[in-house]
Amino acid sequence: MTVKEHCMYIIHPLYFLFLTPQQPNSLITLQYTLPSSIRRRRPAKTSEYFQKDKHTLIKRFAMITDKADEHNAQNIKSLDEVIYPEIEPGIISKQMIEKAYLEDFYKGEAARLHQIEPIIYDRITSIRMDFKNILRIDHLWILPNLTKLVLSCNKIELIENIEMLTNLKELDLSFNYIEKIQNLEKLVHLEVLSLFNNLITKIENLESQEKLIILSIGNNRIYSIAGIERFRFLPHLKVLNLEGNPVTERLDFNVSEYVAAVLPNVQYYEYISIKEEDRVKAKETFARELREIETNEEMEILERAQRAKKERDAERLSSSFVEHLNENQLFETLWKGDEDAHILMMVGVAAEDLADEYGKDMFAITQEIYKLGLEKFEERQMEIDEFMTNLEEGHLEVQQMGQQILEDFIQYKERTFEQAGTIHKWIETRALRGEEEETEESQILNDKLDKITFDFDNMVNNVWQQLMSQELHLHETTEVLKIETTINFQRRMQEMIGKFIEQAQTFFGQLRDLAIHFSENLYEIVSRYIGTKLALQDFEDVPPPLRICMEDREAIGNLIAGMKDIQTQRIDEREDRLMNPMN
């Protein structure tokens, strides 16, 4: 075993699994330097000792090397030199990605040929860059379809620049110098995450990984169980490893039992199956903590359910083109950032009452648009379903014809094989009796067998011809059906969209009329308010922004015109957003 392999063994707790049968002496040499209590354990337990005291093992390994070969003792290199020979610490670059891709997937002549051709980054779905002395993650944006990324055994300190890898399913950042779990929020498809052997001190920022199945954060610096209960919101989490953290070494607290109690979906802890009887016992032990967690979760579970419902509704409304029209959203947007409107509303109760009535009238109209959108959405969905049903029925009809041909052939084959078997037995029986093969009866049997074989070959050929004809017919029928169905579908959809646009435009016209009517009524209210204040010479109660209207009566008209323009423009913009996807 080489020096690098020895160090690999020391670093990785499962490296002994990769030792070949020809390498036992190296393992024995290392084990004989351990205390006798450790040597008596099974090899898997020996790896625990390696995890807890790597530096001691490295020193002992150096001593072993000295004893084995004092002549080469002065040539022993540092751990970094062994793992990263002639590699300068650096940032992931485009060149590093290309080299790793070619080394990982292609060898020899294949690698040389692929170096000639340009690499198509969109096609790369997996890449390994372990033992590259990487300090910082970068340039991974060129791999948008990456599903597996291995960056283990480097010098990475921050999880960064991976938020664009939204298709990632497996991420290995084990054996680095990461201190915080972060920047994983957008990796919502992540299924396997390894942060084993880092410097992480807190369990956090993993709630968006709802598809996570395997999580390894063992051998870090986690001192508290805080955050483990958040894994209850990861419904697919089945495997969890926390061993090797300070929190697992507490004598007064059993982490494995706590995991079994509070995480009902986790089936394996430290890669050992959690038995049902152990889970029941653990729930009894941590009954108080479990009740407290469940109580704290109630409100959050309700909020998550409401948020999920809103997201589903938003998706459905977006498909109906009437998103943000189911409540008062449009009316509320009319006032945002409109200083003229806010100044005009300072006249008091009369303006507020008018605005309330305006809001109710607008809500009634937007509800009509909303209902119309959902109604047309259902009609459109029914048309799509009918279209797909027609295609499937056409396929099914031809497939059933093909299945009937095959069933008939199978029955024919069974009859033929039975006949051939009977004749073959007769021929064998006659041969065993020692009868001559050239007799008339033997010739008749052989002729029958030849005819059966000939007929069977013809039948196979005929079935093949029939199936090929059916396949061609299926293709032609599908194309004709597709064209006819598509034409009818498009025609009905155009008619439906035309009616919807016509009705929706009517409603938006009513909204614009409503905005104009509100502006005219508000103009009268503000004019009457200013006129009254001037007549009474009561200037103290007039809000400062409105006093310009007392000096210049045309200022009221300017404010009204500005408000009306903004509101009608926003109504037009919402109408355009509704109409554009349909054109």
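Please bear in mind throughout that the model is a predicted one.

I begin with the nonpolar cores. The largest of them has 62 residues, and the members that touch the most other members are Met129, Leu140, Leu149, Leu171 and Phe231. Three helices, α7 (94-105), α9 (255-262) and α11 (287-320), each contribute at least two residues to this core. Which element gives the largest share of this core? That element is α9, with six residues. Apart from this core there is another, of 43 residues, which includes Trp335, Ile369, Val542 and Leu578.

Leaving aside neighbours within four places in sequence, leucine 171 is in contact with Leu149, Ile162, Leu184, Leu187, Leu190, Val192, Leu193 and Ser194. Leucine 187 sits in the loop between β5 and β6. Its relative accessible area is 0%, so leucine 187 is classed as buried. With neighbours up to four places away again set aside, the contacts of leucine 187 are Ile162, Glu163, Leu165, Thr166, Leu168, Leu171 and Gln209. Between leucine 187 and isoleucine 162 there are 25 residues of separation in sequence, while their C-alpha atoms are 8.3 Å apart in space.

Asparagine 183 has a positive phi, near 60°. This asparagine is placed in the loop between β5 (170-172) and β6 (192-194). Is asparagine 183 buried or partly exposed? Its relative accessibility is 31%, and asparagine 183 therefore counts as partly exposed. Glutamate 270 also has a positive phi, near 55°. The location of glutamate 270 is the loop between β9 (268-269) and β10 (272-273). With a relative accessible area of 29%, glutamate 270 is partly exposed.

Asparagine 220 lies in the loop that joins β7 (214-216) and β8 (239-241). Because its relative accessibility is 5%, below the 20% limit, asparagine 220 counts as buried.

Rolling a probe the size of a water molecule over the atoms shows where empty space is left. How many cavities of 30 Å³ or more does the count give? The count is one. The largest cavity holds about 30 Å³ of space. Its lining consists of Phe231, Arg232, Leu234, Leu263, Pro264, Asn265 and Val266. By class, that lining comprises five nonpolar residues, one polar residue and one charged residue. Phe231 links this topic to my opening one: this phenylalanine lines the largest cavity and is among the members of the largest nonpolar core that touch the most others.

Conventions. Residues are numbered from 1 along each chain as its sequence is written. This is a predicted model: local features need pLDDT of at least 70, side-chain atom pairs count only at pLDDT 80 or more; totals for chains, interfaces and linings use all residues. Side-chain values use heavy atoms; hydrogens and water are left out. Helices (H or I, at least four residues) and strands (E, at least two) are DSSP runs, numbered from the N terminus. Buried means under 20% relative accessible area, exposed over 50%, partly exposed in between (1.4 Å probe, protein chains only). A nonpolar core is a set of buried Ala, Val, Leu, Ile, Met, Phe, Trp, Tyr and Cys residues joined through side-chain atoms within 4.5 Å. Contact means heavy atoms within 4.5 Å. On a 1 Å grid over the protein atoms alone, a cavity is a set of points where a 1.4 Å probe fits but cannot get out, and a pocket is an open set with protein on both sides within 12 Å along at least five of seven lines; lining residues have an atom within 4 Å of a point. Grid points are joined across faces, edges and corners, and a volume is the space filled by probe spheres set on the points. Ala, Val, Leu, Ile, Met, Phe, Trp, Tyr, Cys and Pro count as nonpolar, Asp, Glu, Lys and Arg as charged, and the others, Gly among them, as polar.
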